[in-house]
Amino acid sequence: MLNQASSLRNVLKVVPKLRDLIRDVRADYLSDLKQALEDPVYAELQEKICSILDDGPVERNTSYNRLFLVRSHISSILDLLRTLYSGVIDEIRQYVAELSLATRMQLKLNHSRANGFHLLYVLAGEDVDDVADQLANSFQILNRTGRRYTLSNGRLMAFNEKLSSVGQEIEEISYGIIRGLIEGIRESIDAVYNLVGCLTDLDVVQALTTVSQGKEFCEPTFGEETKIVSGRHPLLESFSSERHVVRNNVIATPEYNAFIVTGPNMSGKTVYIKTICILQIMAQLGCYIPAAQAQVRIVDRLLTIFGNADSLQQDDCVSSRMYNKLQFVRHCLTPCSLIVIDELYGDTHQPDTASSKWALLERIISHVGHAGENDAAVVVPTLSSIRKPFLYITTHCMELLKPLEVHHNVCRLCLQTESVKVDGVERLRFKYVVTEGRTMVSKYGLSLARTVNIPRDVLDRAEELARGDLGNQLRQPFTANRSNNMSTTTLTSLSTQGSFNEFFKLFYHLYAKIADAVRNHDTVEPLLTEQLAAFIESVPEEVREFLQATPLERLLQLDA
């Protein structure tokens, strides 16, 4: 209560200065604060508080200041106890001075909450080797750090006990006086809460302004897409001033809204997705963000799952912790959500695509909405009104989430690494650069394992498995349900299944270009003609012939 009363006194003392400072400032968000500061109740409160609490400049430490917070002549008993307290301190100083002369040592008086008043002694260069024994005979050694000794003795301990007893009595009497003061100003407590709320808002605005003045921060704009150029985590610059901070881009659209971020452990996946979350929050707070250029889509939900990489419950059963979290995400999901999942599968087993956990993940990825869908009036969806949640999933196993790539809205990102030889041993060098696609380093798990003390026979066995059946299993392409739905006639009409799958990707990319043009351009027809020509040119010849010979109803069934 003593600290709170002192804080309230200090706040009320700066109210006149703050009122004069912002009086000529024209800003709508300061109108409530300016009106609140004009209230005469704060001057009355300050007068009442300063009649009880000392408001003069005090050059004492915090513990000492608490005991002398209440003004003199308020309580005669309190004044007597504080005089006794100051007298004991004077006795301690006199005793230490005499002790220094008697021992011929440069003893320094110090005070701490843990040890009370104690002595500090630092060994000089000419001190003898047995000085520690000499100190042990005359003092109690409380602590030693290098050549610095913390000392005490029975006389100082007695002084500390006396000061503790007197200080406790002073605080009890001070508490009683301040409780009476609080009761006297309780009727004006609403004005105090109003002032605290206004000052809190002002503090937030000042903090955002201070951050926004940082080097290479930009003002974000808002739209239906998120496009951040050279973004970086703000804390990395604060704590890594001597190191170069790698900058990465963030691009998400309603057409390409799901991203699988792969890379080895410690490559920077978690930092990248946390950077996305931090920049999103900063932008929606009205703050500048650390980037060269930024457009951000306003989200109504930020759903994150972190810290499950080493969980023993990383399985596909409905009782697993990850399943429960995914179920919560699916329940709270909206078309304008931002979802971040760190290490969805922390182990190395192939995910069961028939499990309930996988079904939940696919429902999240396939979620689609449109602007105005919650309105009472019926709204016909258009390309420009389509909304999809932005989703980022990290994993250190590149082949683990490959089945998700059958969804055309899913993109793969990777944290680039390179393999180098140091002292004849193959090591990984992390670049912390996010690129589209996959890293060119193969078997980076083995390269990472060589950097730690794993037995050689274990590494040899792992390399054998990577070269054998395990490697072949991971390299097998995932067969999507779309392939099973295609008839024998379709398969025989094409020389390769990959050509037809590539056609669907090209067609979805055409749709993405058209939707982007509808959102961002006033005139769509020239762009549409250009994109259609480029699409027709990129379609393989055998696919083109198949499309000309197949009815439209049949084509619509192929990608169902």
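## Salt bridges, cavity and surface

Asp460 and Arg456 are separated by about one helical turn, because they stand 4 residues apart in helix 14; helices (H or I, at least four residues) and strands (E, at least two) are DSSP runs, numbered from the N terminus. This is a predicted model, in which local features need pLDDT of at least 70 and side-chain atom pairs count only at pLDDT 80 or more, while totals for chains, interfaces and linings use all residues. Residues are numbered from 1 along each chain as its sequence is written, and side-chain values use heavy atoms, with hydrogens and water left out.

The structure holds 11 salt bridges, a salt bridge being a side-chain nitrogen of Lys or Arg within 4 Å of a carboxyl oxygen of Asp or Glu. Three of these pairs are set out below.

| Pair | N to O distance |
|---|---|
| Asp460 and Arg456 | 3.1 Å |
| Glu224 and Arg387 | 2.9 Å |
| Lys431 and Glu418 | 3.7 Å |

The salt bridge between Glu224 and Arg387 links distant parts of the chain, 163 residues apart, with Glu224 in the loop between strand 5 (221-222) and strand 6, and Arg387 in strand 13 (residues 386-387). Glu224 is partly exposed at 28%, while Arg387 is buried at 10%. Lys431 and Glu418 form a salt bridge and, together with Arg429, belong to a network of salt bridges.

A search of the whole structure finds 1 cavity of 30 Å³ or more, where a cavity is a set of points on a 1 Å grid over the protein atoms alone at which a 1.4 Å probe fits but cannot get out, and lining residues have an atom within 4 Å of a point. The largest cavity holds about 70 Å³ of space, and its lining has 9 nonpolar, 2 polar and no charged residues. Helix 10 gives the largest share of that lining, 3 residues.

Helix 10 (residues 269-285) is also the place of Leu285, which is exposed at 53%. Ile281, Leu285 and Leu302 make a nonpolar surface patch of about 250 Å²; patches are made of residues with over 30% relative accessible area and no salt bridge, nonpolar side chains (Val, Leu, Ile, Met, Phe, Trp, Tyr) being joined within 5 Å and like charges within 9 Å.

How values were computed:
Areas by Shrake-Rupley, 256 points an atom, 1.4 Å probe, with all protein chains shown as cover. Buried < 20%, exposed > 50% of the residue type's maximum accessible area, 1.4 Å probe, protein only. 1 Å grid on protein atoms, 1.4 Å probe; cavity = no way out; pocket = protein on both sides within 12 Å on 5 of 7 lines; lining within 4 Å. Points joined across faces, edges and corners; volume = space filled by probe spheres on them. Nonpolar A, V, L, I, M, F, W, Y, C, P; charged D, E, K, R; others polar.
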